[in-house]
Amino acid sequence: VSLNNLANVFRKANSNSDEAAICYQKAIEIWHDTVGPTHQYTGFGLASYGQLMRQAGDPSTAAELLSRAYPIHKEVLGLEHPKTITVAVELAEVLQELSLTDRSQSIIDEALRNSGKTTVPEEIRARIDKLLREPVLAS
């Protein structure tokens, strides 16, 4: 957990994304090997690493990591959990950046169905609304 926390500090401080990436990679590897590939820690690490890669301008890697994190969140936390919905929104946004609008739309539809069943932060609701209003046209 300490490596993931250190990576979060690097990421949030925007100080060194390379160091943060190394910490996330190692934390995910350790969790994968010790608690399993579908444990919530593994999912949280994948989601955080995906967010970092998106911030670093690597949407393809971000999409791959968030695509791995999302089913773990759904399985462990459930579809209606705010963290699951947040990962869904992150994934939908990055898929739109990659012009993968069909995949993005199906994920945002699922998030929208489930966000009405729970308390979701206003910032996430605003991001869902933006995704619904401003879909990216597929190239």
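This is a predicted model: local features need pLDDT of at least 70, side-chain atom pairs count only at pLDDT 80 or more; totals for chains, interfaces and linings use all residues.
Local features need pLDDT of at least 70, side-chain atom pairs count only at pLDDT 80 or more, and totals for chains, interfaces and linings use all residues. Residues are numbered from 1 along each chain as its sequence is written, and side-chain values use heavy atoms, with hydrogens and water left out.

**Helices H2 and H3**

Helices are DSSP runs (H or I, at least four residues), numbered from the N terminus. H2 and H3 pack with their axes 9 Å apart, at an angle of about 160°; axes are lines fitted to C-alpha atoms over the stretch in contact, and angles run from 0 to 180 degrees between N-to-C directions. H2 is therefore roughly antiparallel to H3 (angles over 145 degrees). Residues of H2 that meet H3 include Tyr24, Ile28 and Trp31, and the H3 side includes Tyr41, Leu46 and Leu52; contact means heavy atoms within 4.5 Å.

**Aromatic rings**

The whole structure holds two aromatic pairs (ring centres within 6.5 Å, using the six-membered ring of Trp). One of them joins tryptophan 31 and tyrosine 41 and is tilted, with 5.4 Å between centres and 45° between planes; planes under 30 degrees apart would be stacked and over 60 edge-to-face. This pair links distant parts of the chain, 10 residues apart.

Note on methods:
Helices (H or I, at least four residues) and strands (E, at least two) are DSSP runs, numbered from the N terminus. Angles under 35 degrees count as roughly parallel, over 145 as roughly antiparallel, 65 to 115 as roughly perpendicular and the rest as oblique.
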